[in-house]
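Hi there,

Here is the structure we talked about, with some notes to read alongside it. Please have a look at it first.

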Amino acid sequence: MSTNDTQSTETVDTDHAEPAYEAVLIFDGECPFCSAAATALRRLPEVGVVEWNNDAAQHLLAAQFDDPPFAPVLVDARADRLWIGPAAAGELCDRAGIPTLVQDIVADNFERVGDAVRGVAGAKREPADLDGTRSLNAAAAAEYQTLAANARRTHRTGGSH
């Protein structure tokens with residue numbers, strides 16, 4: 001019997017060959033508004049969520065920016081893009097199939113609602129003044145697999161509400 005005939009029968013874990021999520025939202029887990037918005041992603045099972053202060057989120061943000069911005073950031077490695085602040089909210093609405101009128105209301109009032117909730121909740125941090133999209137740089141793209149592995153699902157796969 002040759003060495004080739006005795007190869008191991010090790011199986012490949014195909015569930016982990018690709019990132020668990022097509023995109024991941026990095027959000028402030030201490031903000032009631034952000035947490036509620038993250039939970040609303042139940043309509044998007046392909047989008048996971050990670051709290052801003054998670055190590056994997058911090059590594060990716062530090063790789064992309066000189067100073068990790070304190071803002072909601074939607075990261076999509078397949079699209080090689082990230083959306084920041086109101087643009088992240090707008091992109092999530094678009095992906096969820098929310099009508100354009102509602103998307104516009106969300107984007108136009110994003111900062112005002114966030115400010116009001118932070119005031120009521122007594123938040124200590126101010127969000128970064130960033131909005132828009134950016135290309136994902138190579139260093140941040142290399143961190144995506146770990147970010148996706150740290151993400152959690154908000155989508156309910158069955159059962160009662």
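Below is what turned up in it, starting with the salt bridges.

This is a predicted model: local features need pLDDT of at least 70, side-chain atom pairs count only at pLDDT 80 or more, and totals for chains, interfaces and linings use all residues. Numbering runs from 1 along each chain as its sequence is written, and side-chain values use heavy atoms, with hydrogens and water left out.

There are four salt bridges (a side-chain nitrogen of Lys or Arg within 4 Å of a carboxyl oxygen of Asp or Glu). In one of them, E51 pairs with R152, with the closest N and O atoms 2.5 Å apart. E51 sits in strand β2 and R152 in the segment after α5, so this bridge ties together parts 101 residues apart in sequence (strands are DSSP runs of E, at least two residues, and helices runs of H or I, at least four, numbered from the N terminus).

D76 and R95 also meet in a salt bridge, at 2.7 Å from N to O. Here strand β3 holds D76 and helix α3 (residues 86-95) holds R95. D76 is buried at 7% relative accessible area, while R95 is partly exposed at 23% (buried is under 20%, exposed over 50%, partly exposed in between, with a 1.4 Å probe and protein chains only). A network of salt bridges links D76, E91 and R95.

Finally, in α5, the residues A140, Y144, L147 and A148 are buried.

Best wishes
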